[in-house]
Amino acid sequence: MVKKTFGKTGIEMSALGFGAMRMPMFEKDGKKYVDEDKSIPMLHKAFELGVNYVDTALYYMDGLSEITVGKALRSWKGGRVYLATKNPVENDSGPDWMKRLETSLKKLEMDSIDFYHMWGIGLDSFKNKVMAKDGPMDMAVKAKEQGLIKHISFSYHDKPENMKEIIDSGYFESVLLQYNLLDRSNEENINYAHEKGLGIVVMGPVAGGRLGVPSKVIEEVLGAAKPVSTPEMALRFVLANPKVHVALSGMETMEMVIQNAEVASRTGHLTAEEQNLIQAMLEETKRLMDLYCTGCNYCMPCPAGINIPRIFEWMNYHKVYGLTDYAKQQFALIGNEAWGPKYKPVSECTGCGGCEAKCPQKLEVIKQLKETEKALS
């Protein structure tokens, strides 16, 4: 297993991290349980293959993930494994934050947590909740002094431009952020966090499942002589960034554990030639996507209730990346609770032309909406 020095912590951390949010579960008498007969051997196999970073959270898997992870760590007799979990900043109360920490420690049956995250914070919640007087950060500092947590971390879902101010606060030693072949918006933040000495963990290397389905465009980027699966290509892309320390994978099966560990055990992950090929592909796909829609949202709101940028995003997945199955699955959800009932199907378009008048690229939006419906419906 390739390992990298995890920021200023000095810890040699495995390139692959085990995301404990999708372990096998079953239902009995109307109640859900983690299948520990499958999940704990999966965790132990990952540790055996060199993974030494496991990530969970208070509410993962109906609140059961921490319990299973704790059991796996306590029964592991091999080398050191580092635990990361998360505290949702639900309000600005320090005592409430501490109660959630105590709940996690109890569920894990552990005395301390290695990397404890302010879960999913943005700049607004950081300023108004985390940094409130006698709030979560004050309590986190005390918890660290008491040895309950060893490193203060945060996970991030806010706009990319808002992250630097959080990093500059100087409180955090690691960050968990999104980065993948389809979403490189945090690339500058990765560089900045690296400069500041933070450990950098990437979530969503397969883009929330979007890169978990086959794509000939991505699979053939390295040439016919070295074909790879789409998920492998996605993971290798993230691992190839020298400033990323850990790529976090939510592993569901033993097969996935073994395959991902094998990918993460290749020294270098990608050659310079392979990185150049991927870079060329990314530049070309960006050019093609911009020809269709840049996602600027100037066309919104649509008076007919159509989410034009999102629909064109799926068309880009289909036309540019070859992720047709995923695009069709998402297109079929329009108007359903799973996607948002307030948005309407393309058939509701009245042809008013307001979107085309506002589009800075002067796209034939109405025509392209009809083309999208024909391709994905």
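This is a predicted model: local features need pLDDT of at least 70, side-chain atom pairs count only at pLDDT 80 or more; totals for chains, interfaces and linings use all residues.

Reader: OK, so is Y33 buried, exposed or partly exposed?

Author: Y33 has 32% relative accessibility, so it counts as partly exposed.

Reader: And F26, what's its relative accessible area?

Author: For F26 the value is 38%, which makes that residue partly exposed too.

Reader: How are the rings of F26 and Y33 arranged, stacked or tilted?

Author: Stacked. The ring centres of F26 and Y33 are 5.4 Å apart, and the planes make an angle of 20°.

Reader: How many aromatic pairs does the structure hold?

Author: There are 12 of them. Another one is Y179 with F237, a tilted pair at 5.4 Å centre to centre with 35° between the planes.

Reader: Where do Y179 and F237 lie?

Author: Y179 is in the loop between β10 (174-178) and α8 (187-195), while F237 belongs to helix α10 (residues 230-240), so the pair ties together parts that are 58 residues apart in sequence.

Reader: Are Y179 and F237 buried or exposed?

Author: Both Y179 and F237 are buried.

Reader: Which residues form an aromatic cluster?

Author: F126, F154, Y156 and F172 form one.

Reader: What sits over the ring of Y192?

Author: That would be the charged end of K164, 5.0 Å from the centre of the Y192 ring.

Reader: Switching to helices. At what angle do α14 and α16 cross?

Author: Roughly 105°, with the axes of α14 (residues 324-331) and α16 (residues 365-376) coming within 9 Å. Angles of 65 to 115 degrees count as roughly perpendicular, and α14 and α16 are therefore roughly perpendicular to each other.

Reader: Which residues make that contact?

Author: On α14 they are A327, K328 and F331, and on α16 they are T372, E373, A375 and L376. By class, the α14 contact with α16 has four nonpolar residues, two charged and one polar.

Reader: Zooming out, how many helices and strands does the chain have?

Author: The protein chain has 16 helices and 12 strands.

Reader: And what share of the residues is buried?

Author: Buried residues account for 51% of the 377 in the protein chain.

Reader: Last one: what about contacts between residues at least 6 apart in sequence?

Author: Among those contacts in the protein chain, 74% join residues at least 24 apart.

Conventions. Residues are numbered from 1 along each chain as its sequence is written. Side-chain values use heavy atoms; hydrogens and water are left out. Axes are lines fitted to C-alpha atoms, for helices over the stretch in contact, and angles run from 0 to 180 degrees between N-to-C directions. Helices (H or I, at least four residues) and strands (E, at least two) are DSSP runs, numbered from the N terminus. Angles under 35 degrees count as roughly parallel, over 145 as roughly antiparallel, 65 to 115 as roughly perpendicular and the rest as oblique. Contact means heavy atoms within 4.5 Å. Ala, Val, Leu, Ile, Met, Phe, Trp, Tyr, Cys and Pro count as nonpolar, Asp, Glu, Lys and Arg as charged, and the others, Gly among them, as polar. Rings of Phe, Tyr and Trp (its six-membered ring) pair if their centres lie within 6.5 Å; planes under 30 degrees apart count as stacked, over 60 as edge-to-face and the rest as tilted. Buried means under 20% relative accessible area, exposed over 50%, partly exposed in between (1.4 Å probe, protein chains only). A charge sits over a ring if NZ of Lys or CZ of Arg is within 6 Å of the ring centre and within 35 degrees of the ring normal.
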